[in-house]
Amino acid sequence: MDSLYIVMPAYNEADNIEDTLAQWYPVVESVGNDSRLVVFDDGSKDETFSIMKIFASSHPLFIACTKKNTGHGGTVLHAYQYAVSCQADYVFQTDTDGQTDPEEFWQFWNLRHDYDMVIGQRKGRQDGLSRILVTKTLKCVVRILFGESIADANTPFRLMSSQTLRENIKLIPEGFNLSNVLLSVIYFKRKQKVKFIPITFKPRQGGVNSINLRKIVHIGRQALSDFSALNKVINKQLRSQ
């Protein structure tokens, strides 16, 4: 039987974290087989980690972790490294802002033996124009620099086999800010089996959206610089394998 680690990053999510944990915890209970729900608090300045510890005290399949702040991408990468080190068979990543629906997980789980990664494609998004602009910007950057057309490379709703994930995250620099985007690119460059499934993407359920136009411009510029250099490195490493 297959085990599952659901991993999530959290930063200043005191308004959302308890409800998110309560929604996703039944998934690992249902899967069983030493499955776990794991959240990495990314050095929050609010009560996020305190709430996580309280939840952990009465939910044995939940693991509450904390670390110094490295940003969303660095925390996601750290969570992937943790999950594969725990010998999970499959790793699923989503976020703690309440925008995704646990009920939509099961169609991904049912396809786990057929694909290396099953990833959500956000349709009819309700999370604001700024977030949609980020996704469109990244899609263009990925197509230009990597030559890959990926429907939604940064979706925080993805199920991966631990076997492929373990090898692919070795190509991502430690603490990299857009680790999920780069991870999607690596799966495509390796011609691994990837399936997109439309998912619901709700408005943020609480807290503050940190993305604005200034940050969008910065993300785009930084992605162009980082991806241009990484494309050469990844191609070289893949050719040598």
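Ala83 is buried, with a relative accessible area of 0%, where buried denotes under 20% relative accessible area, exposed over 50% and partly exposed the range in between, as computed with a 1.4 Å probe on protein chains only. The structure is a predicted model, in which local features require pLDDT of at least 70 and side-chain atom pairs count only at pLDDT 80 or more, whereas totals for chains, interfaces and linings use all residues. Residues are numbered from 1 along each chain as its sequence is written, and side-chain values use heavy atoms, with hydrogens and water left out.

Ala83 is found in helix H3, helices (H or I, at least four residues) and strands (E, at least two) being DSSP runs numbered from the N terminus. When residues up to four places away in sequence are not counted, Ala83 touches Tyr5, Val7, Ala88 and Val91, contact being defined as heavy atoms within 4.5 Å. Val38, at 45 residues from Ala83 in sequence, lies 8.5 Å from Ala83 in space, C-alpha to C-alpha. Helix H3 itself has 14 residues and reaches 20 Å from its first C-alpha to its last, close to the 20 Å expected at 1.5 Å a residue, the expected span being 1.5 Å times one less than the number of residues. The buried residues of H3 include Gly73, Leu77, Tyr80 and Val84, and the helix is followed by Gln87, whose phi is positive, near 65°.

With neighbours within four places in sequence left aside, Tyr80 is in contact with Val7, Val91, Gln93, Arg158, Met160, Leu165, Ile169, Asn180 and Leu183.

A search of the whole structure finds four salt bridges, each defined by a side-chain nitrogen of Lys or Arg within 4 Å of a carboxyl oxygen of Asp or Glu. In one of them, Lys67 pairs with Asp42, the closest N and O atoms being 2.9 Å apart; this pair links distant parts of the chain, with Lys67 in strand E3 (residues 62–67) and Asp42 in strand E2, 25 residues apart. Lys67 counts as buried at 15% relative accessibility, and Asp42 is buried with a relative accessible area of 2%. Arg122 forms a salt bridge with Asp152, for which the closest N and O atoms are 2.8 Å apart. Because Arg122 lies in strand E5 and Asp152 in the loop between H5 and strand E6 (157–161), the pair ties together parts that are 30 residues apart in sequence, and both Arg122 and Asp152 are buried. In the salt bridge between Lys170 and Glu167 the closest N and O atoms are 3.2 Å apart; Lys170 is exposed, with a relative accessible area of 56%, whereas Glu167 is partly exposed, with 36%.

Phe55 and Phe62 form an edge-to-face pair, at 5.5 Å centre to centre and 85° between the planes. Phe55 counts as buried at 10% relative accessibility, and Phe62 is buried with a relative accessible area of 5%. The rings of Phe108 and Phe157 have their centres 5.0 Å apart and their planes at 70°, so this pair is also edge-to-face. Phe108, Phe157 and Tyr90 are among the residues that ring pairs link into a cluster.

Ser44 is placed in the loop between strand E2 (36–42) and helix H2 (48–57) and counts as buried at 16% relative accessibility. The side chains of Ser44 and Asp41 are joined by a polar contact of 2.4 Å, that is, a pair of N or O atoms within 3.5 Å, of which, within protein, one must be able to donate a hydrogen and the other to accept it, residues adjacent in sequence counting only if both atoms are side-chain atoms. The side chain of Ser44 also reaches the backbone nitrogen of Asn12 at 2.7 Å.

How values were computed. Rings of Phe, Tyr and Trp (its six-membered ring) pair if their centres lie within 6.5 Å; planes under 30 degrees apart count as stacked, over 60 as edge-to-face and the rest as tilted.
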